[in-house]
Amino acid sequence: MLEYRNVHKRFHLEAGFFARVGKFVHAVNGVSLRIGENEIYGLVGESGCGKTTTARLAVRMYPFDTGSIRYTTRDGSVYEIGRLGRRELNYVRTKIKYIFQDPARSLNPRMTILEVMTAGYRYHPSWPGKRQARGEAARILEEVGLKASDLERRPADFSGGQRQRIAIARALINRPELLICDEVVSALDVSIQGQILNLLLRLREEYRLSMLFIAHDLAVVSYVCDRVGVMYRGLLMEEASSHELVANPLHPYTRHLYSSIPKLTGAVAVGAHSAAAGGTLVEAGQPVPTTNEAAAYRASVDDAAGAPSHPATRRTKRFGEEPDPTVHPIPIDADPGMREVSEGHFVSPHFA
Ligand SMILES: Nc1ncnc2c1ncn2[C@@H]1O[C@H](COP(=O)(O)OP(=O)(O)OP(=O)(O)O)[C@@H](O)[C@H]1O
Ligand SMILES: [Mg+2]
């Protein structure tokens, strides 16, 4: 459905900003990945490694530099994201819907929920007219656990979790095929996270959705995702099914991610097993099994052992240390490919 091939994206650092003229941030550094139909693909990695940039390139929020991103719709039409005209791009954006981390800021506070949900839908090729759209909005709102009468209310009347449900409903009304969920539960408190994750899993079945799911929290990712890509400084280091990745992490960076949250590892394993078995580990209202994610991770990074051996990372000394974003981490002519070490389990030769 969605396939990245050796995609690069760098951002210019403007003169004055950091006072480095002609320097670049290499945000995405040769990413190749593929998300299949009805598959949930997770991207993990520390802050600034390029997850959001990778995701945004799929809907061309900004153009990428080299490589290709190809989207194949359910009916088999193929779109090269880098070469689309305005109209085609708008069409693809109805198929791929982006849900943001912060529901408070992504919903216009002056609009009613009905307006929020239908503002974009209005330009959809299958806009059914106002009356019918209202009916659809009401149905979808109920589907995500809110009431039809909520259509007249405004975002400020809702809690964070409810707003995220509204953001999901707004995406669904366009009948998307693929959702990009960028840290969609990170801003929510732990008990609400479980409800939203289970909602997403249910909707995936009902609407046959694929997802690109981005999160810091390894427990969340392995609970929700079928496959997981571990990203470090703009590149995938390892990719495997979430179950395999938990059971058999091979790349030092992946191990580092796990080992820096020792208490999490048990929960992750349980989550992966249970999701693979189709179970619902996180019942509605129950907390997701996790210690506190990003903060705990960052705090623990400092005393994590295990220095990588690749010369490129010697400059940054240890994983977790703030890298200089303008230093290209890997030689540009290096082979960007990963090696398949067992069926469906890929590891990057870098740092290995
Ligand atoms: N519009 C932009 N202009 C310049 N630099 C940018 C821009 N967007 C991202 N970057 C830089 O690109 C790198 C990757 O950022 P990105 O937001 O993709 O990371 P991320 O993995 O999503 O991080 P987080 O987990 O904190 O959301 C960072 O160094 C960031 O500062
Ligand atoms: Mg991000």
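This is a predicted model: local features need pLDDT of at least 70, side-chain atom pairs count only at pLDDT 80 or more; totals for chains, interfaces and linings use all residues.
1. Overall make-up. The protein chain contains 13 helices and 12 strands. It runs to 352 residues, of which 43% count as buried.

2. Ligand 1, nearest residues. The shell holds 12 residues. F11, A27, S47, T52 and T53 come nearest to ligand 1.

3. Ligand 1, contributing elements. Two elements each supply at least two residues of the shell: strand 2 (23-35) and helix 1 (51-58). Helix 1 gives the most, with three residues.

4. Ligand 1, residue classes. Six residues of the shell are polar and five are nonpolar. One residue around ligand 1 is charged.

5. Helix 6 against helix 7, geometry. Helix 6 spans residues 160-172 and helix 7 spans residues 190-207. Their axes lie 10 Å apart, and the packing angle is about 15°. Helix 6 is therefore roughly parallel to helix 7, since angles under 35 degrees count as such. The crossing of the two helices is right-handed.

6. Helix 6 against helix 7, contacts. Helix 6 brings G160, G161, Q164, R165, I168 and L172. On the side of helix 7, the partners are I192, Q195, I196, L199, L203 and Y207. By class, the contact has seven nonpolar residues, four polar and one charged.

How values were computed: Residues are numbered from 1 along each chain as its sequence is written. Chains are lettered from A and ligands numbered from 1 in the order in which they are written. A residue is near a molecule or strand if its C-beta atom, placed from the backbone, lies within 6 Å of it. Helices (H or I, at least four residues) and strands (E, at least two) are DSSP runs, numbered from the N terminus. Ala, Val, Leu, Ile, Met, Phe, Trp, Tyr, Cys and Pro count as nonpolar, Asp, Glu, Lys and Arg as charged, and the others, Gly among them, as polar. Axes are lines fitted to C-alpha atoms, for helices over the stretch in contact, and angles run from 0 to 180 degrees between N-to-C directions. Angles under 35 degrees count as roughly parallel, over 145 as roughly antiparallel, 65 to 115 as roughly perpendicular and the rest as oblique. A crossing is left-handed if the near helix is turned anticlockwise from the far one by less than a right angle, and right-handed if clockwise. Two residues are in contact if their C-beta atoms, placed from the backbone, lie within 7 Å. A residue is buried if 20 or more other C-beta atoms lie within 10 Å of its own, exposed if 12 or fewer, and partly exposed in between; C-beta atoms are placed from the backbone.
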